[in-house]
Amino acid sequence: MKVLYFAWLRQRTGIGEEQVSPPASVQTVAELVAWLRDRGPGHAEALKDLSSIRVAVNQEFATLDAAVAEGDEVALFPPMTGG
Amino acid sequence: MTVRVQAEDFDPGREIEAVTSGNTAIGGVASFIGLVRDLKRDGADGDSGSAMTLEHYPGMTEKMLAEIEAEANRRWPLQASLIVHRYGRLEPGDRIVLVVTASAHRQAALEACHFLIDWLKTKAPFWKLEETGDGDGKWVEARATDDAAADRWTETRRKDAAE
């Protein structure tokens with residue numbers, strides 16, 4: 001599974017993307033984020049507040065209860081500020 | 001229907017000409033150009049630097065802009081549409097985004113243009129980082145007014161569907 005971080009999530013985790021292999025018990029975006037928090041203090045800081053995080057699974061917007069599986073591309077980012 | 005995401009600047013006149021020339025079914029062309037505003041002028045952001053960097057999600061950005069453009073073409077009878085959005089480092093006065101819509105009549109062109117800029121602000125994966133004196137920069141926060149502007153078009157569609 002590929003996880004991408006953008007904007008301040010990228011700054012706080014210190015990485016733009018990483019390949020991860022979560023355990024089979026991780027089946028939703030929310031469970032993935034909870035699991036990712038344990039990867040280090042940067043991850044814990046970046047991912048502490050779910051309310052300020054938006055999600056895309058395979059480049060489509062998704063909710064925290066969306067399913068994730070091996071091979072998915074999961075992106076985590078703050079609300080968008082383009083235009 | 002065209003969508004481009006690029007670091008380089010664009011020439012609005014040439015872009016409009018390119019998507020409309022030769023199509024005599026077009027009776028009206030609307031455009032919106034977004035510029036980098038000098039945040040220092042707003043007062044409230046007195047510590048902000050003047051330049052900003054736009055980050056985006058390559059791949060998803062193009063896909064979302066194309067989806068939004070397709071939605072505009074479903075809602076209004078457009079003869080042509082174009083979205084150009086820049087990324088990278090931009091300074092006050094620089095162009096960020098261009099939306100062009102063309103239709104037989106003005107109402108469809110104007111409404112579709114307004115819809116596109118409202119929707120792309122909340123649905124296209126871009127993030128603005130303002131430069132600050134300390135070097136870390138400050139991520140621009142999403143504004144509730146932008147969400148409200150985007151939602152207005154959702155309500156409009158519901159109203160239309162009910163009629």
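Let me start with one term: a residue is exposed when its relative accessible area is over 50%, and buried when that area is under 20%. Anything in between is partly exposed. One caution as well: this is a predicted model.

Now to chain B. Arg74(B) has 61% relative accessibility, so Arg74(B) counts as exposed. Its salt-bridge partner is Glu71(B), and the closest N and O atoms lie 2.8 Å apart. Is Glu71(B) buried or exposed? Glu71(B) has a relative accessible area of 9%, so Glu71(B) is buried.

Why pair at all? Side chains of opposite charge can do so when their charged atoms come close.

Next pair. Glu131(B) and Arg89(B) meet in a salt bridge, at 2.6 Å from N to O. This one links distant parts of the chain. Glu131(B) is in strand S7, residues 126–132. Arg89(B) is in strand S5, residues 88–90. Glu131(B) is at 29% relative accessibility, so it counts as partly exposed. Arg89(B), at 48%, is also partly exposed.

Third pair. Arg152(B) bridges to Asp118(B), with the closest N and O atoms 3.5 Å apart. Again, distant parts of the chain are linked. Arg152(B) belongs to helix H4, residues 144–162, and Asp118(B) to helix H3, residues 106–123. They are 34 residues apart. Arg152(B) is partly exposed, at 38%. Asp118(B) has 11% relative accessibility, so Asp118(B) is buried.

Over to chain A. There, salt bridges with shared partners join Lys2(A), Glu17(A) and Glu73(A) into one network. How many salt bridges are there over all chains? A search of the whole structure finds 16.

Last topic: backbone angles. Most residues other than glycine have a negative phi. Ala7(A) is not a glycine, yet its phi is positive, about 55°. Where is Ala7(A) found? In the loop between strand S1 (2–5) and helix H1 (8–13) of chain A. Its relative accessibility is 0%, so Ala7(A) counts as buried.

Gln59(A) is not a glycine either, and has a positive phi of about 65°. Look for Gln59(A) in the loop from strand S3 (54–57) to strand S4 (60–62) of chain A. Gln59(A) is at 18% relative accessibility. The cut-off for buried is under 20%, so Gln59(A) counts as buried.

Conventions
Residues are numbered from 1 along each chain as its sequence is written. Chains are lettered from A and ligands numbered from 1 in the order in which they are written. This is a predicted model: local features need pLDDT of at least 70, side-chain atom pairs count only at pLDDT 80 or more; totals for chains, interfaces and linings use all residues. Side-chain values use heavy atoms; hydrogens and water are left out. Helices (H or I, at least four residues) and strands (E, at least two) are DSSP runs, numbered from the N terminus. Buried means under 20% relative accessible area, exposed over 50%, partly exposed in between (1.4 Å probe, protein chains only). A salt bridge is a side-chain nitrogen of Lys or Arg within 4 Å of a carboxyl oxygen of Asp or Glu.
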